[in-house]
Amino acid sequence: MAEGEGRQPRPARPEDGLAWITGASSGIGRQLALELVRRGWTVAVTARRAEELARLAAEAPAGRILPAPADVTEPEAVAQAVREVETRGGRPIALAVLNAGTYLPDSAEGFDLAAFTLQVKVNVLGTANALAAVMPAMIARRGGQVAIVSSVAGYRGLPRAIAYGATKAALIAMSESLKFDLDRTGVMINLVNPGFVKTPLTDKNDFPMPFLIPVERAAERIADGLARGRFEIAFPWRFVAILKTLRVLPYALYFPLVGLTTGRR
């Protein structure tokens with residue numbers, strides 16, 4: 001057996017290397033960067049808006065947040081950002097939180113192919129581009145941790161989430177499939193499924209959002225879950241329990257029930 005082969009995956013620690021967060025210019029990604037810094041990490045942050053990343057870096061002690069601007073839909077730009085930040089930080093990325101995503105409410109009546117395509121490019125292909133940039137080196141080192149941020153909206157089809165729900169369901173399936181392979185390599189994978197979190201994305205919503213939680217609490221829950229190493233990090237638990245129950249209902253019950261509670265019958 002080669003050295004390190006068969007090593008059990010474990011949560012990454014700050015002494016292992018850098019943390020890297022995509023979609024870090026606002027919302028969950030931004031707050032999680034600050035939370036990980038408080039927990040001893042040096043954090044590389046990626047998003048398109050370089051000026052927002054610079055503002056984020058200014059909120060932490062010097063050198064603890066490393067801006068690495070890139071558009072996650074451009075594979076070479078993402079790979080270059082990873083190479084540059086590992087050179088600047090002097091260490092490899094040990095923890096990657098693939099969080100970049102966007103949400104555009106939609107419906108059959110107003111179906112917009114461009115908006116659908118954009119969400120697939122950012123949410124799914126953007127995650128794949130980030131995986132391609134960090135996963136091979138982690139596998140070669142037989143260690144590291146990758147967290148893919150999906151959503152409870154991926155559990156089952158929901159109103160006004162044709163594209164968003166489809167992309168989040170894809171990320172859930174992607175994470176589950178990756179776990180079979182990564183468990184053999186010493187690389188840990190986590191699936192993050194938040195409910196409603198108060199961010200610029202949810203500020204677009206004009207409907208009730210049950211169990212809405214502050215972004216600071218969401219970041220703490222994610223950081224705690226990453227440190228514990230459980231596969232799925234899902235919250236708030238009451239909302240997750242409701243949606244997981246709906247997940248197993250037959251269609252004859254599911255559609256009338258969800259339609260009744262959302263006004264879409």
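1. Strand 2 and strand 3 (residues 65-67) run parallel and are joined by three bridges; strands count as paired if DSSP finds at least two bridges between them. Val43 has Ile65 as its bridge partner in strand 3. The chain passes from strand 2 through helix 2 (residues 50-58) to strand 3 in a right-handed β-α-β crossover. Right-handed denotes a clockwise path from the first strand over the helix to the second, with the strands pointing away from the viewer. Helices (H or I, at least four residues) and strands (E, at least two) are DSSP runs, numbered from the N terminus.

2. The model is predicted: local features need pLDDT of at least 70, side-chain atom pairs count only at pLDDT 80 or more, and totals for chains, interfaces and linings use all residues. Residues are numbered from 1 along each chain as its sequence is written, and side-chain values use heavy atoms, with hydrogens and water left out.

3. Strand 2 (residues 43-46) is covered on both faces, with Val43 and Val45 buried on one side and Ala44 and Thr46 buried on the other. Buried means under 20% relative accessible area, exposed over 50%, and partly exposed in between (1.4 Å probe, protein chains only). Strand 2 also pairs in the parallel sense with strand 1 (residues 18-22) over four bridges, and Val43 is the bridge partner of Ala19. Strand 1, helix 1 and strand 2 form a right-handed β-α-β unit.

4. Arg30, in helix 1 (residues 27-38), counts as buried because its relative accessibility is 18%. Its side chain makes a polar contact of 2.5 Å with that of Glu59. Such a contact is a pair of N or O atoms within 3.5 Å; within protein, one must be able to donate a hydrogen and the other to accept it, and residues adjacent in sequence count only if both atoms are side-chain atoms.

5. Which residues does the cluster of ring pairs link? The cluster consists of Phe196, Phe211 and Phe239. Rings of Phe, Tyr and Trp (its six-membered ring) pair if their centres lie within 6.5 Å; planes under 30 degrees apart count as stacked, over 60 as edge-to-face and the rest as tilted. By this rule there are six aromatic pairs. Phe196 and Phe239 are stacked, because their centres are 5.5 Å apart and their planes stand at 25°. Phe196 lies in the loop between strand 6 and helix 6 (215-228), and Phe239 in helix 7 (residues 237-247), 43 residues apart.
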